[in-house]
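Subject: Structure handover

Hi there,

Here is the structure I promised to pass on, with my notes below it. Have a look at it first, then read on.

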Amino acid sequence: MHAIVGPVLWIGKVFLTNLFASQTFAPLLMRPTRADLEFLTDLAENGTLRPLIERRYPLAETADAFAHLVDGHAQGKTVILG
């Protein structure tokens with residue numbers, strides 16, 4: 001059930017944000033193909049594609065990491081180091 005509710009709420013949030021923002025947001029819904037995934041793999045392996053890691057948290061601070069995400073402050077990926 002949560003797999004459906006989460007995306008529906010997100011799409012609703014995007015729609016409401018579009019009413020008041022100067023930028024236009026659009027949901028990206030796709031089903032990647034094998035060719036897409038192989039292309040992304042090649043980019044990652046040769047260093048062209050690199051994730052934007054905003055913060056790293058040690059495992060002991062997992063609650064802080066989730067609080068950061070839930071508050072909506074994350075501007076990149078949040079990594080928990082184990």
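Just after α2, glycine 47 takes a positive phi of about 85°.

A word on the source: this is a predicted model, where local features need pLDDT of at least 70 and side-chain atom pairs count only at pLDDT 80 or more, while totals for chains, interfaces and linings use all residues. Residues are numbered from 1 along each chain as its sequence is written, and side-chain values use heavy atoms, with hydrogens and water left out.

Arginine 34 is exposed, with a relative accessible area of 66%, whereas glutamate 38 is partly exposed at 40%. For those words, buried means under 20% relative accessible area, exposed over 50% and partly exposed in between, using a 1.4 Å probe and protein chains only.

Now the whole chain. There are three helices and two strands, in the order α-α-β-α-β along the sequence. These are DSSP runs numbered from the N terminus: helices are H or I with at least four residues, strands are E with at least two. Of the 82 residues, 5% are buried. Among contacts (heavy atoms within 4.5 Å) between residues at least 6 apart in sequence, 16% join residues at least 24 apart. The accessible surface is about 7300 Å², with 63% of it belonging to carbon and sulfur atoms; areas come from the Shrake-Rupley method with a 1.4 Å probe, and for residues only the protein chains shown count as cover.

Finally, the surface carries a nonpolar patch made of Leu59, Phe66, Leu69, Val70 and Ile80, with about 500 Å² of accessible area together. Patch residues have over 30% relative accessible area and no salt bridge; like charges are joined within 9 Å, and nonpolar side chains (Val, Leu, Ile, Met, Phe, Trp, Tyr) within 5 Å. Helix α3 (residues 62–70) gives the largest share, three residues. Valine 70 lies in that helix and is exposed at 70% relative accessible area.

Best wishes

Definitions and conventions: Salt bridge = Lys/Arg side-chain N within 4 Å of Asp/Glu carboxyl O.
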